[in-house]
Number of protein chains: 2
Amino acid sequence: MADDILIVTEAELRSVLHFDRAINDLVEKAFAALANKDVIMPPIMSMDIPNANAEVDVKTAYIPGLGGFAIKVSPGFFDNPKIGLPSLNGLMMLLSAKTGLVQAVFLDNGYLTDLRTAAAGGVAARFLAPKKVSIAGVVGTGVQARLQIAAAFEERKFEKVLVWGRHPGHAQQCANDIENQIGVPAEVAQNVETLVAQAQLVVTTTPARAHLIKADWLHPNLHITAMGSDQEGKGELDPQIAAHADLFVCDRVSQCEKLGELRSAIKAGAWLVGRTPTELGDIVVNRSAGRETEEQITVCDLTGTGAQDTAIANHAYEMARKNNFGTLFKANS
Amino acid sequence: MADDILIVTEAELRSVLHFDRAINDLVEKAFAALANKDVIMPPIMSMDIPNANAEVDVKTAYIPGLGGFAIKVSPGFFDNPKIGLPSLNGLMMLLSAKTGLVQAVFLDNGYLTDLRTAAAGGVAARFLAPKKVSIAGVVGTGVQARLQIAAAFEERKFEKVLVWGRHPGHAQQCANDIENQIGVPAEVAQNVETLVAQAQLVVTTTPARAHLIKADWLHPNLHITAMGSDQEGKGELDPQIAAHADLFVCDRVSQCEKLGELRSAIKAGAWLVGRTPTELGDIVVNRSAGRETEEQITVCDLTGTGAQDTAIANHAYEMARKNNFGTLFKANS
C-alpha cells in the first residue's frame, strides 16, 4: 500500500470529519509543535493575479513526529460569486514525512481549512478567554462565523451569542444556524459596539479593510480573536487595540506582522518598536503566560499556519483510511 | 463538466505524452511569456528538512492567455534510494486561470517536470548552440542526460554523442539508450575534458557540488547548458566560465543568482557586480541577442521555472482530455 495515493473528495470528508473538541486538541498540538524550533514552516507562497481579481496562497509545515506534512493550495478568486461560484476553493495534499511520496490528495474546496481555522480560534479561547464567558459575540456571518462559535463553545459554555453582519438578513440566518448548532440562544446585535460591550469573548471573521472594533470599546474581562485579516490591506481592529490590550498574541509573529492585525498596528505606530508579541504556541507549552486574571483584555491575531494544515491533513488521512473512504490510485499505474 | 477534476496517473501521462519537438515549442512560448511583464511568477517556495535529508520545492506561474496555471510540488528525499525508492517524486496541479477551481491533478512523480526541463535545454540549444554541431556531449547519466540529448537533437542534427559519468557502467548504458533513442552513435568519453574538447554542444545534468568543467577547457564554437544546479551549494561549472563566456544566459536571473551557476560565479567574484545576465526569454522574443557568430562561447544556466510547469500542465490537460485519459471526480461529490 505504500505506493498508493488516496484521493478524497469534499463530500467524503464532510461525511467523516465534523467539527468537535478533538480538532481543537489537534490544533493545540500543532501550536505546541510550532513553539518548538524543530517545526519547519517556510513563509507562505503568495501569488496575486490582479487580472482575475485573485490571489493564491500555498502553505506547508513539517512537524517532526507526524507521518506526513501537508501542502495546501488556497485560491481566492473574488469575482467567482458573479458567476455563481464560491470565491474560495483549493485542495490539500499530504506527503510522507519519511519519503516525500504523496499519500493523499484532499479535493476539499477549503473544508479542511475551515476546520483547522476554527480550531485555532478554539485554542485561543481555551488559553485566553476569561474563565467565565456569559456572552460570546461574532462579527461576520459566513462559514467561519458559525464554526468559530462552535469551536469556542467547546471551550467556554456561554449562554448567549450575539451576531453582527453588514446584512441584517445574513446575520439573522447566521444566528439561527448557531442556535440550531450549539443549542444556545443567538440573536442579532444592533451594532458592533453593543456586541463588544456585552460580550466577554468576541471573534471577528470578516475580510474588512476598515476597522470594525474601536479601542474605546475595550472593557475588562474581554478576549478578542481576530481571524479575518490574512492579507496586506485587511484589518478588523482599530490599530490602537494592540497597544491597549494587556496581552496581544499572534499565531505566528512573522506572519502577523505582514498579514494580520499586528501589521496595521505597526503601520499606525501603535505597536512599540522592539516589543515582541507573544505566540500562541508559547502559551500552549507554558513558556509564556496566557490570561492571568479574569479582568485582563486579551487579543489573538490569527493568520493561519501551515502547521495547522499539517495537523488536520494527518488527521483526515487517518479518518479516511479508518473509514475506508476515498479512492486509491497506484502511484505508478 | 466545469466542476470536474481530472486525476491523471504517471502511466497515463507516459502513454499520451512523449518528448518531441512540440514540447520545445511549448516551452519556448513559456519563455516568451516570461519575457513579458504580465507573467506572474512568485519566488520558489522551498522547505529544507534536514532530519529526513530532504527538500521540497513548490513552483507556480500565471501566464495570461493560458486556461490554467500550474502549481508543482517537487519533493527530493535523498535517502530514498537506500530503501529502493526514487529520490524525486511529486505532483502537479492545474487550476483554472479564471476561477481558481482545480482542473487536474497529475500524479506524475516528476514526469512532466522531466519533459519541461529537457525542453528548456532544447530552447537553449535552439537559440544558443552553434548552427553546426557535429558532436554533442552530456555530463551525467540519469533521466535528464537522455532527455536533454533528445531535446537538443530536435534542434541540431549532431552526428555523434559523448557521455561522461562517474560510473562507467552507467555511462555506457546511457550511451546505449541515447543511441537507440535518437539513432546516432553515442559513446563514453574518457573524461569531461575530452568531452568538452570535442563537442560544440555540452549539457551538464548532475547534482555536482564540485565543478566538473574548467574555464580553461572553453573553446570557440561551444555552447554549454548547465541544468543540474537548482539549489544553493550545487554547481557544475568553474565560476570563471561565467566571466569568460561571450554570452551568459539565465532562465530567470532572480533564480539563477540564488540557485544556479550564476550564484557560484557571484560568490567567487567572477561575475562583474552590476552586470546583468541575459534572460532566455528576452532572446526568444528578440529583445536581446542570442548567439551572433559560430565562434562564440555561450552558456545557459537553467534552474527551472514555474512558467515551464504551467506550459506543460496545460498541454498535458489538453492531451488527457482529447485522449479520454484520467479519472474524473466531481469537485463537490
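**Entry 1: a helix in chain B**

I listed the buried residues of α11(B) and found Gly306(B), Ala307(B), Gln308(B), Asp309(B), Thr310(B), Ala311(B), Ile312(B), Ala313(B), Asn314(B), Ala316(B), Tyr317(B) and Ala320(B). I keep in mind that this is a predicted model. Because twelve of the 17 residues of α11(B) are buried, I note that the helix is largely enclosed by the rest of the structure.

I then checked the length of α11(B), which covers residues 306-322: at 1.5 Å a residue it should span 24 Å, and its end C-alpha atoms are 24 Å apart, so the two agree. Just after α11(B), I found Asn324(B) with a positive phi of about 55°.

**Entry 2: the two copies**

How can chain A be laid on chain B? I found that a turn of 180°, with a shift of 0.0 Å along the axis, does it with an RMSD of 0.0 Å. The two copies are thus related as by a two-fold rotation axis.

**Entry 3: where the chains touch**

I looked up the contact and saw that it takes 43 residues from chain A and 43 residues from chain B. On the side of chain A that touches chain B, β2(A) gives the most, with five residues. By class, I recorded 29 nonpolar, eleven polar and three charged residues on that side of chain A. Since 100% of the interface residues of chain A are also interface residues in chain B, the copies meet through the same surface.

Technical notes
Residues numbered from 1 in each chain as written. Chains lettered and ligands numbered in written order. Predicted model: local features only at pLDDT ≥ 70, side-chain atom pairs only at ≥ 80, totals over all residues. Least-squares fit on C-alpha atoms with pLDDT ≥ 70 in both. Contact = placed C-beta atoms within 7 Å. Helix = DSSP H or I, 4+ residues; strand = E, 2+ residues; numbered from the N terminus. Nonpolar A, V, L, I, M, F, W, Y, C, P; charged D, E, K, R; others polar. Expected span 1.5 Å × (residues − 1). Buried ≥ 20, exposed ≤ 12 C-beta atoms within 10 Å, placed from the backbone.
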